[in-house]
Amino acid sequence: MMAPGPCALLRLSVLLCGLSGARAFLLPDISEPEFIRRCVQAHNAHRARAQPPAANMRAMSWDNGLARGARSWARHCKGSHNPVLKQEGKAHPEFRYVGENIWLGAPSSAFTVESAINSWNKEGADYTLGNNSCARVCGHYTQLMWATSYKVGCAVHVCSRGIENFSNHPESTIFVCNYGDAGNVFGFTPYIVGLACSKCGVEKCRDKLCTDPNREQVKRYDWIPGWDLGPSGSAQMLSDWLSGSKLQLLTGSFWLFYFYATH
């Protein structure tokens, strides 16, 4: 049996590179219904299981404006929070202030919605609600559990040039969730302890969360974040595309087609 020649090895190498790029390419966009469902469901599942129980925990629902803002910041590929969030009225067309949680990982296959959000929830082991104290890092957990935050929008992005202050890995992945109203207000605890839904007022109780159909309506905003790095306005995005996983995917697909066409 003949050993594979250099051309065959090259095709295999490029194909494997393309398959690696495919994982990054297939990460969901903010408009995909399944991605939206999983983000909302994972948030509400943790909020419903708050310990000690929460008397005023609101159910979260999706917000397109928050998701668009999260996607725009994720494209900057920075391992830090968006500074615009501290500017009143700048981070969303309705919410005065917006909260934010960020997950970082590599390669892209390390990411799932559930594992990222669960990593934020695990910080609760270092948080004491009684005296509002934190032994280590708890800010992701307290935002996740902030009772009056009722809208969420998330985005995931692969940074082919790495993420600042995190990693140079070509599949460095950033997952950003933005929240309205913003949580982590200084001097306040995330929620009121008590029988689940006992402080919902006129709102309905569903799965231990306060729900209001009017709050759950999905609004469409004709709004573009001022920090957006969308493909239509960014030479950097084009450069990243040409050097990143999408080009690898196309190249790998081409060589796969060529291999079968000539054998």
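The link of Cys134 and Cys138 is right-handed, with 85° about the S-S bond. A disulfide here is a pair of cysteine sulfur atoms within 2.5 Å. Cys134 is partly exposed, at a relative accessible area of 37%. Cys138 counts as buried, at 5% relative accessibility. Buried means under 20% relative accessible area, exposed over 50%, and partly exposed in between, with a 1.4 Å probe and protein chains only.

This is a predicted model, in which local features need pLDDT of at least 70, side-chain atom pairs count only at pLDDT 80 or more, and totals for chains, interfaces and linings use all residues. Residues are numbered from 1 along each chain as its sequence is written, and side-chain values use heavy atoms, with hydrogens and water left out.

**Disulfides**

The count comes to five disulfides.

| Pair | S to S distance | Torsion about S-S |
|---|---|---|
| Cys77 and Cys159 | 2.1 Å | about -95° |
| Cys134 and Cys138 | 2.0 Å | 85° |
| Cys200 and Cys210 | 2.0 Å | about -85° |

The torsion of Cys77 and Cys159 is about -95°, so this disulfide is left-handed. The pair links distant parts of the chain, 82 residues apart: Cys77 lies in the loop between H3 and E2, and Cys159 in strand E5. Both Cys77 and Cys159 are buried. Helices (H or I, at least four residues) and strands (E, at least two) are DSSP runs, numbered from the N terminus.

The link of Cys200 and Cys210 is also left-handed, because its torsion is about -85°. Cys200 sits in the loop between E6 and E7, and Cys210 in strand E8 (residues 209–211), 10 residues apart. Cys200 is buried at 9% relative accessible area. Cys210 is buried at 2%.

With the bonded cysteines numbered in sequence order, the pairing is 1-5, 2-3, 4-6, 7-9, 8-10. Cys39 is in no disulfide; the nearest cysteine sulfur, that of Cys154, is 4.0 Å away. Cys39 is buried, with a relative accessible area of 0%.

**The sheet**

Four strands form an open sheet in the order E1-E5-E6-E2, with mixed pairing. Strand E1 (61–62) and E2 stand at the edges with a single partner strand each, so one side of each has no neighbour in the sheet. Two strands pair if DSSP finds at least two bridges between them.

E1 and strand E5 (residues 151–159) run parallel, joined by two bridges. Trp62 has Val152 in E5 as its bridge partner. E2 and strand E6 (residues 172–180) pair in the antiparallel sense over seven bridges. Leu104 stands opposite Ile174 in E6. Six of the seven residues of E2 (residues 99–105) are buried, so E2 is largely enclosed by the rest of the structure.

Helix H3 (residues 64–74) lies across E1, E2, E5 and E6, at about 25° to E5. Axes are lines fitted to C-alpha atoms, for helices over the stretch in contact, and angles run from 0 to 180 degrees between N-to-C directions.

**Gly194**

Gly194 is found in the loop between E6 and strand E7 (204–206). Gly194 counts as partly exposed, at 23% relative accessibility. Gly194 and Pro53 are 141 residues apart in sequence, yet 5.8 Å apart in space, C-alpha to C-alpha. Not counting residues up to four places away in sequence, Gly194 touches Pro53, Ala54 and Ala55. Contact means heavy atoms within 4.5 Å.

**Whole protein**

The protein has eight helices and eight strands. Buried residues make up 44% of its 263 residues.
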